[in-house]
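Reader: I would like to learn how to read contacts, pairings and packing from a model of this kind. Could we go through a few features slowly, with the general idea before each case?

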Amino acid sequence: MSEPLVIVGNGMAAAKLVEELSQTALGRYAIAVIGEEPRLAYNRVLLSSVLAGEAASHEIELKPAEWWRARGVTLKYGARVTGIDVGRRELTIENDENVAFSRLVLATGSLPLRLPVPGSDLPGVHTFRDSRDTDVLLSLAAKKSRVVVVGGGLLGLEAAYGLARAGAQVTLLHLMDRLMERQLDVTAAALLKVLVERKGIEVLLQASTAAIHGEALVESVELADGRRIAADAVIFAAGIKPNIVLAREAGLAVNRGIAVDDVMQTSAPGIFALGECAEHRGTCYGLVEPAYEQARVLARHLAGRKAAYSGSVVSTNLKVSGVAVFSAGDFIGAEGSEAIVLNDVRRGIYKKLVIADGRLTGAVLIGDTQDALWYRDLIRSREPIASIRTEMMFGRVGTRPKAA
Amino acid sequence: MTTVDPKLRTVRTACPYCGVGCGVLATPDGSGGAAISGDPAHPANLGRLCSKGSALGETLGLESRLLYPMVRCKHGMERVAWSDALDHVANRLKHIVARDGEDAVAFYLSGQMLTEDYYVANKLMKGFLGSANVDTNSRLCMASSVAGHRRAFGADTVPGTYEDLDQADLLVFVGSNAAWCHPVLYQRMLANKQNRGAKFVVIDPRRTDTSSEADLFLGLKPGTDSALFSGLLVHLADSGALDRDYIADHTAGFDETLARARNLAGSAGATALATGLSEADVAAFFKLFSETPKVVTLYSQGVNQSAQGTDKVNAIINCHLAAARIGKPGMGPFSLTGQPNAMGGREVGGLANQLAAHMGFTPPDIDRVRRFWKASDIATHEGLKAVAMFEAIARGQIKALWVIGTNPAVSLPDADLVRAALKKLELFVVSENVRSNDTVDVGAHVLLPAQAWGEKSGTVTNSERRISRQRAFMAPAGEAKPDWWILSEVGKRLGHAAAFNYTSAADVFREHAALSAFENDGSRDFDIGGLATLSDEEYDTMAPVQWPVRAGKPPSPRFFADGAFYTNDRKARFVAPEVPALRGETTAARPLRLNTGRIRDQWHTMTRTGLSPRLGAHLPEPFVEVHPDDALRYGLMHDGFAKVTTEHGQCILKVVVSERQQRGMLFAPIHWNATNSSHGRVGALVASHTDPFSGQPEAKATPAAISPYEYVFRGFILSRTELTLPPNLWWARATVPGGFGYLFADNGDLMRWPGWFKARATDDVADYMDVGGGVYRAACFDRDRIATSVFVGPGHDAGDWNVVKTMFAADRLDDEQRRMLLSGRAPDGASGGPIVCACFGVGRDTICDAIASGARTPAAIGAQLKAGTNCGSCIPEMKRLIAQTPAQADVSVKVAS
């Protein structure tokens, strides 16, 4: 009989793990997925598209119900796991009976951060994290509301773009002096700001939210410098934290995230974690791609094959507010590195390739990301680029000299 | 090539470039341009045009034109009314002549002037200002031929016609790159070679494109031509090829000349020693020449531009006289002139050592001309020839100079000295088409706008004595006037209203024709008295006609078959040349000799050809050609830069390493100047040693040194308007489709370019910067069109100028093109390469692809790409490419083996 394998969390990491397992360990496990959101796993990255009206809610589902059925996966969604009994190898579930496991995978993702400012608990203050949030924001936009989005990272920009597209009047507040400071350099961020503003979004940088005012409902946002911005709603999109509640309560080793080793195993044998909730070699990744890489490693491990995860070269490769954005590696350019830069503001394009020791070590691209994956591979492979240096900005070229 | 409204009238005119004198059909397009094609009815070209002539339509723009008279005032040049400008010139001339005498004034004219303009200038100076200080840029071109003709024939007579080139069995080119410099005639001779089997012998220190069809190429040491032809004379004598009767009846001086020739080159072996040729080659040439009665010897600047140019001409003529191979179909010596109307200038007498109409400064001639002109103050002695004239200006002896239609600050030898001399003038008048050239920019005091080709109307004479009408087909630019009118107005203001009361070019022409016949009666070769009574209408419709046109006499196309030379005893003279020697010694510090010349698609100082994008595409940068061994010895890299230094100046030029160049010799083209290059003004390098008879300078053998010159960066700029470039830059400007191109090299900081560019850019900028790689590329846009683009890169890689040029020419770039622009690569990966065929704009890469895929002859390439099917002057280059490019079959064999 197959071993019971339970995955807690029904997000993108979970779906990828099931997909990988169905290829590498077919029939070995009886898989159950327990998810809190009352729907099939969907592509969270595309929530802003739903918000923007570019995709319908059901269109962003990762796999149809038949797909899960065909792989014999037991799906329990709309179910909240309240505890892990590591010794008994059982999960407790709210309003339901316990579920036993042989192997457990935590894919609990992350939680949105709410700023601890006065008024942050007023009605009309929301987050933008899941499908339910999206429904709320859509109804706000439909009313042509004035919405303040707090946070100029990826999430905030996505929310702002979606809301603006859906009809809301959007002001984006960002604490730092540039947008997406973790993914973009100064120039890229400045270009992104121009492009975001072209879409009708007001962007305020170095804007520190001091308080949210309102009687029964949000009425305005006050900044640290005293400015007030009238608002019908406030969206917190100023960061996420790994969702480690279950793990911590179960006594698993946690730091910022759930500590895992190179096969994604937590401090408890047979219990694994991956995705945004996991912390590998001190790093919590907030992106899809590392989660997928982790899923591949974990699937191989669970299939009894040799596998090890050694961390991801972080790259961002997304449409942000309708603008293609990519960054990877040392895109700022550490001391001793040099950069090749291309600018074309009218076409909304900025590209920077960072080179150190004759190798591509980082890249940031705005507007034109068609060669992004090639750059990412070059960064990862650490292939010498001297022979293609003059051409690499303009598209894929071979790195080896042509055969004579 | 341009679509033309059939209702617009086509005008028959003549090309303004070389001395072939091709007929041109010009059809105005109604918007300031014209469609150009060859005139099938013109006997010089029978419908053909070369690359330069074909591109005439691209040179008619008004952007660079001088549109109204200007006079220098305190604050620079100011526009004035014609009457004020003319008053000023006349008053100043009058004042200077009154104070310093008539020899304090001078005219420097041009072989591009029309005969009528030339006539009035010559008459004004020699008949009414009293000086013969009238010289012309023809002095740099064919003065040695004139002097040689006069020594041998007693007159400046070209004995033969172009038909002789069709009928000859042997064509000997001496110092002539006719393939590039007289392409239409060269094609005509090639047709003779192909159809009749005529042989070509090419005698030149350089293996030019003319040599590519040669049956025998003689790469002699520079300056040894007269030894070769002396050896030939000896051979003719010793092999029984002399025409003893002709020598006895019609010539003088044969025995002394033959004796001298035996001393110089008494055998094929001695000739070989004197010329650096192999004895076998020399013997082969001698045999071919002596056994081929129908032989034409064509010569050009390699003979003329020499301190012994006149001797070289006579050494050639000696051989033709000795065998009586002159004045008969298919034979004779033939001087190829370099300018459209050098011959017309000679007919008028617009040279310092002639008076007028093939008359000199003998008392009877002076008297005759004085009476004909009713001259108030006729010149009584020769004036100063070009080089001496500018030396006299430098000494302060000549105080007033009027330059018409030429650019002496570029073209004269020792051109820096010329520039300095011009600054000393009290009165410096320039009649010009363009607002700016090196001569104008020295600091002209008066600028007079002259009508340009297409606007002016008159006659020109080509190398075979054929007078053709150059006709107007468009309205004059601005207030531009004919030169004859400008000169006449000054003549009137000097108090000679009756002598200069012309109302039309036809008026002037009739007087010119009448003078040629005045008291002539066969005593002078130049006689067009038959044209002296043409009505205005007959003048307008005059068909090309060869002189002489004697009134009431039948035409006689050739001279001297039966003697009747123009010496006192009607006998030709054999003239013994001096021992061949170059002036100016090479030394350890100046071990090389600098040869100068033309390139295929440019003409003179590029004031006209430089306006054509097509012509700018072939060789856009000033260069120096050097033999591989010399390149190795002096550390020069092909496509690198070199500093060429002579006693007179220095230039920095692109290096072309070529086997076609002789060891010890450099070659640099003459066309670049200070308005289109920073360091390419080759005239400044050339020594001013002149021939004692012709006054023509030795422009092809200046002692020189060469050394590599390194630049860290290279690049190019494309712009819709002319730009002021950053300082301390090497640059050359070329006209490109849609604007101007600058090719440059730089040792400055790469980081100076972004600031320089952005200060000149529109708001819409795209740029690419790789500081570590030494690359900066930027373009700014005006809507979807490139406004300005700059590419800077390391010395070996500045990006592909041809690709960016193509994008620059486009009215709009789509998104993908704009994306690829800064890569300097074509979106489809093919650029076509540097232009080979200027007529159809076909690039080297395109041609090589065609060759590789099986087009192994110029005809096959032409069928596929049209390249070489118009003027044919790129055919030699295509043949070289065919020889260099392996066929695809060959490639696969190599891979397999």
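Author: Let us begin with contact: two residues are in contact if their C-beta atoms, placed from the backbone, lie within 7 Å. Please keep in mind throughout that this is a predicted model.

Reader: With that cut-off, how many residues of chain B are in contact with chain A?

Author: In this model, 18 residues of chain B are in contact with 15 residues of chain A. On the side of chain B that touches chain A, strand 30 (764–770) and helix 28 (815–821) each supply at least two residues, and strand 30 of chain B gives the most, with 6 residues. By class, the residues on that side of chain B divide into 7 nonpolar, 3 polar and 8 charged.

Reader: Which strand of chain A is joined to strand 30 of chain B, and in which sense do the two run?

Author: Strands count as paired if there are at least two bridges between them. Here 5 bridges join strand 23 (residues 338–344) of chain A to strand 30 of chain B, and the two run antiparallel; within this pairing, L342(A) has Y768(B) as its bridge partner.

Reader: How should I read a sheet within one chain, and what is the order of its strands in chain A?

Author: In chain A, 3 strands form an open sheet in the order 4-5-6, with antiparallel pairing; its edge strands are strand 4 (81–85) and strand 6 (96–100) of chain A, each of which pairs on one side only. The twist from one strand to the next averages 20 degrees. Strand 4 of chain A is joined by 4 bridges to strand 5 (residues 90–93) of chain A, where E90(A) stands opposite D85(A).

Reader: Which strands pair with strand 4 of chain B?

Author: Strand 4 (residues 70–73) of chain B runs antiparallel to strand 5 (residues 76–79) of chain B, with 4 bridges between them, and the two form a hairpin with 2 residues between them; C73(B) stands opposite G76(B). Strand 4 of chain B also pairs in the antiparallel sense, over 2 bridges, with strand 16 (residues 446–449) of chain B, where L447(B) is opposite M70(B).

Reader: Turning to helices, at what angle do helix 3 and helix 21 of chain B cross?

Author: The angle between two axes is what one reads, and angles under 35 degrees count as roughly parallel. The axes of helix 3 (residues 115–129) and helix 21 (residues 483–493) of chain B come within 7 Å and cross at roughly 20 degrees, and therefore helix 3 of chain B is roughly parallel to helix 21 of chain B. The crossing is left-handed. Among the residues that meet are V120(B), L124(B) and F128(B) from helix 3 of chain B, and W484(B), L487(B) and V490(B) from helix 21 of chain B; by class, this contact has 7 nonpolar, 2 polar and 3 charged residues.

Reader: Is T461(B) buried or exposed?

Author: A residue is buried if 20 or more other C-beta atoms lie within 10 Å of its own. T461(B), which lies in strand 17 (residues 458–461) of chain B, is buried because 30 other C-beta atoms are within 10 Å. Leaving aside neighbours within four places in sequence, its contacts include T115(B), N341(B), M343(B) and I467(B). T461(B) and V20(B) are 441 residues apart in sequence, yet 9.1 Å apart in space, C-alpha to C-alpha.

Note on methods:
Residues are numbered from 1 along each chain as its sequence is written. Chains are lettered from A and ligands numbered from 1 in the order in which they are written. This is a predicted model: local features need pLDDT of at least 70, side-chain atom pairs count only at pLDDT 80 or more; totals for chains, interfaces and linings use all residues. Axes are lines fitted to C-alpha atoms, for helices over the stretch in contact, and angles run from 0 to 180 degrees between N-to-C directions. Angles under 35 degrees count as roughly parallel, over 145 as roughly antiparallel, 65 to 115 as roughly perpendicular and the rest as oblique. A crossing is left-handed if the near helix is turned anticlockwise from the far one by less than a right angle, and right-handed if clockwise. Ala, Val, Leu, Ile, Met, Phe, Trp, Tyr, Cys and Pro count as nonpolar, Asp, Glu, Lys and Arg as charged, and the others, Gly among them, as polar. A residue is buried if 20 or more other C-beta atoms lie within 10 Å of its own, exposed if 12 or fewer, and partly exposed in between; C-beta atoms are placed from the backbone.
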